[in-house]
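User: I have a model open and would like to talk through how it is put together. Could you start with the terms you will be using?

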Amino acid sequence: MVVIVDTITNPLRPRHPEKVNRPDSASPPKPDWIRVRAPNTRGYADTRNIVRANGLHTVCEEAGCPNIGECWDKKHATFMIMGDTCTRACAFCNVKTGLPNALDAAEPQNVAEAVAKLGLAHVVITSVDRDDLADGGAEHFAQTIRAIRAACPSTTIEILTPDFLRKEGALEVVAAARPDVFNHNLETVPSRYLTVRPGARYFHSIRLLQRVKELDPTIFTKSGIMVGLGEERHEVQQVMDDLRSADVDFLTIGQYLQPTRKHHAVMRYVPPDEFSSYEKVAYTKGFLMVSASPLTRSSHHAGEDFARLKAARAAHAR
């Protein structure tokens with residue numbers, strides 16, 4: 001039996017206490033197209049040092065992103081605000097679960113300083129779920145956006161938010177801070193929610209994205225799903241239709257990778273040609289941007305994708 005333990009911050013505290021007693025879930029062997037290099041470059045080390053010096057967390061590390069070596073070598077880090085402990089326990093996620101600490105009032109400024117030190121033209125800010133907070137952390141998101149705007153006026157800002165479920169008025173607070181891109185991931189198809197994302201509600205997430213466009217049509221909206229969790233092709237296509245009904249601009253599709261044997265198993269490794277097919281279908285449905293590949297992640301190549309997204313909107317408007 002494998003026991004998931006955080007041996008870095010507290011060797012006695014399970015990283016995922018709700019998963020410790022689950023039976024192991026075996027995934028099939030990784031195919032040749034799921035391969036990444038170990039991070040060992042100077043750029044990677046420099047990014048890590050800046051993150052550490054500012055006392056920040058990144059989803060790159062906490063979620064075990066396979067692209068961390070590539071992104072950090074280019075000094076592209078996705079900051080994870082409001083701590084490193086999530087109040088939810090999604091079956092796919094490697095972020096710690098438990099009762100989080102109080103918010104750090106200095107964090108928005110610390111993030112802004114790190115963005116300036118890294119010289120980021122485009123930054124992605126995400127967070128853990130904070131169901132313990134009255135506003136779900138909405139004001140903290142807004143403060144972080146404002147701090148970055150003040151420190152780095154030319155930097156474009158992309159946020160990847162939780163769903164703010166049952167937090168009335170929270171979305172409006174975040175949208176009023178006017179991020180350039182508002183991302184909220186659906187993660188999977190509706191039929192898999194009870195086993196993959198049990199704390200969330202599919203149509204609430206769709207409505208969240210739709211509401212952003214109603215509040216400010218100039219904000220780009222974005223969402224993503226993982227495949228390989230037992231979904232059917234027609235379900236993925238229905239998700240595309242639902243997102244387009246909410247006027248979502250950008251869709252990402254990537255392969256689910258199992259963090260540990262206590263997490264949801266990989267039911268299938270989707271081959272690259274199927275990702276290409278999904279991309280073609282998504283474009284026919286009207287998305288301005290689509291990124292679909294085995295190693296696609298929400299913030300992978302986010303800066304380059306934002307430039308393409310702006311160009312696509314301009315071309316569409318002509």
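Analyst: Buried means under 20% relative accessible area, exposed means over 50%, and partly exposed lies in between, with a 1.4 Å probe and protein chains only. This is a predicted model, in which local features need pLDDT of at least 70 and side-chain atom pairs count only at pLDDT 80 or more, while totals for chains, interfaces and linings use all residues. Residues are numbered from 1 along each chain as its sequence is written, and side-chain values use heavy atoms, with hydrogens and water left out.

User: Okay, is Asp163 buried or exposed?

Analyst: Asp163 is buried, with a relative accessible area of 1%. Asp163 lies in the loop between β6 (156-160) and α6 (170-176), where helices (H or I, at least four residues) and strands (E, at least two) are DSSP runs numbered from the N terminus.

User: What does the side chain of Asp163 reach?

Analyst: The backbone nitrogen of Leu165 is reached by the Asp163 side chain at 3.0 Å. Leaving aside neighbours within four places in sequence, Asp163 is also in contact (heavy atoms within 4.5 Å) with a set of residues including Arg88, Asp129, His184, Arg197 and His204.

User: Changing topic, in what order do the strands of the sheet run?

Analyst: The open sheet has eight strands in the order β1-β2-β5-β6-β7-β8-β9-β10, with mixed pairing; two strands pair if DSSP finds at least two bridges between them. At the edges stand β1 (57-58) and β10 (289-292), each with a single partner strand, so one side of each is left without a neighbour in the sheet.

User: And how do β7 and β8 pair?

Analyst: Strand β7 (residues 181-183) pairs with strand β8 (residues 220-227) in the parallel sense over three bridges, and Asn183 stands opposite Lys222 in β8. On to the next strand: β8 and β9 pair in the parallel sense over six bridges, with Ile225 opposite Ile253 in β9.

User: How many residues of β9 are buried?

Analyst: Six of the six residues of β9 are buried, so this strand is largely enclosed by the rest of the structure. Both faces are covered, with Phe250, Thr252 and Gly254 buried on one side and Leu251, Ile253 and Gln255 buried on the other. As background, side chains in a regular strand alternate between the two faces of the sheet.

User: Which residues have the most contacts inside the largest nonpolar core?

Analyst: Phe79 and Ile125 do, in a core of 43 residues; a nonpolar core is a set of buried Ala, Val, Leu, Ile, Met, Phe, Trp, Tyr and Cys residues joined through side-chain atoms within 4.5 Å. Helix α5 (residues 138-151) gives the most to this core, with six residues. A second, separate core of 25 residues includes Val227, Val248, Phe275 and Tyr278.

User: What does Ile125 touch?

Analyst: Not counting residues up to four places away in sequence, Ile125 touches several residues, among them Phe79, Ile81, Val111, Phe141 and Ile148.

User: Last one: what is phi of Asp247, and where is the residue?

Analyst: Phi of Asp247 is near 65°, a positive value in a residue other than glycine, and Asp247 sits in the loop between α9 (233-245) and β9 (250-255). At 38% relative accessibility, Asp247 counts as partly exposed. Phi of His301 is also positive, near 60°, and His301 is partly exposed with a relative accessible area of 31%.

Notes:
A polar contact is a pair of N or O atoms within 3.5 Å; within protein, one must be able to donate a hydrogen and the other to accept it, and residues adjacent in sequence count only if both atoms are side-chain atoms.
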